[in-house]
Amino acid sequence: MIRTLTGLAVILLLGAVTAAIVPYMGLSQELTGAGREYADQGMTATGSSNLVTAVIVAYRGLDTLGEVVVLFCASTAVVLILTLFPLGSRPSEPSIIVAHTSSALPAPIMLLAVYFIAHSHLSPGGGFPGGTVMASVFLLVMLGSSSVPGRSGALPAVEALAGISFGLLGFWGVMTLGQFLNNTVLGRGIPGELLSAGIIPLISLAIGAKVASEFSGVFAAFRKSGGVE
Amino acid sequence: MSPALMAAMAMAMGGMMLIAAVVVLFIRELLSAIIITGFVSLSASALFLMMDATDVAITEASIGAVLATLIFLWGRGKMGGDE
């Protein structure tokens, strides 16, 4: 009862705060401070037409590297716990709806994921959402069969390779221009073209591969420990 | 779309989200609660889309509405029953 009331109070408080903020969000068109700087300089400085990706990967690339490390630690811990304490039940036969869906949908969803990652510097998307969408393909295929994924070195190999290449792309900047994760080591290109925006597409690719393999590894661990039915 | 209409739509969406969040607290059935939690995430994603934060909307839809809901569903399956 107390828990319900506390939850209610928190929800109402958050709702009131949001209702107070929302009217000002859409209406304030003037950018100030760093936002103004990004909007004015972002495209010419990074060559990326998607400013959100430019901020995430180029301006705040170090934060993203930290985020990737945090995600790595979290997924490692989940896999470790699931391996040490199996939940102990066998996956059951998928229903006919799931079985048919999982044979039809993976290809289009995979295409969407690849598009998110490859066009991260051109249109909304990026390595992180693309990676999660790709992992959901893995999940769908897994739910569509009653088998347990075997022991495979491919997922950890992709994960390690992606993490290392993110770091190496950062050090490329140190070697050539004396700045970690400098985006211009590859040149900026023409904004709006597929091959532009320096190392942003490469880093997006690394993030996408890392996130996809990490989430897939977590799902596989769930299945092996008997968590997915 | 005019800013006033936009703000009104955002308010309506936020109101629905708020109601759904309160309903989750009082509902007794775990499966319904999980689905409504997913709806809260989905309306948050729609709200982000209305504010032109497309990147955030995509991430919220894929993680909040799909992956988190699925993990809750697995947890429910493990608990073996409702409540």
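## Packing of α4(A) against α8(A)

A:Leu65, A:Val68 and A:Phe72 in α4(A) meet A:Gly163, A:Phe166 and A:Gly170 in α8(A), contact being defined as C-beta atoms, placed from the backbone, within 7 Å. By class, this contact has 4 nonpolar, 2 polar and no charged residues; Ala, Val, Leu, Ile, Met, Phe, Trp, Tyr, Cys and Pro count as nonpolar, Asp, Glu, Lys and Arg as charged, and the others, Gly among them, as polar.

The model is predicted, with local features requiring pLDDT of at least 70 and side-chain atom pairs pLDDT 80 or more, whereas totals for chains, interfaces and linings use all residues. Residues are numbered from 1 along each chain as its sequence is written, and chains are lettered from A and ligands numbered from 1 in the order in which they are written.

## Packing of α7(A) against α9(A)

α7(A) and α9(A) pack at an angle of about 30°, with their axes 7 Å apart. This makes α7(A) roughly parallel to α9(A) (angles under 35 degrees).

Residues of α7(A) including A:Ala135 and A:Phe138 meet residues of α9(A), among them A:Ile207 and A:Phe219. The contact divides into 11 nonpolar, 7 polar and 2 charged residues.

Definitions and conventions. Two residues are in contact if their C-beta atoms, placed from the backbone, lie within 7 Å. Helices (H or I, at least four residues) and strands (E, at least two) are DSSP runs, numbered from the N terminus. Axes are lines fitted to C-alpha atoms, for helices over the stretch in contact, and angles run from 0 to 180 degrees between N-to-C directions. Angles under 35 degrees count as roughly parallel, over 145 as roughly antiparallel, 65 to 115 as roughly perpendicular and the rest as oblique.
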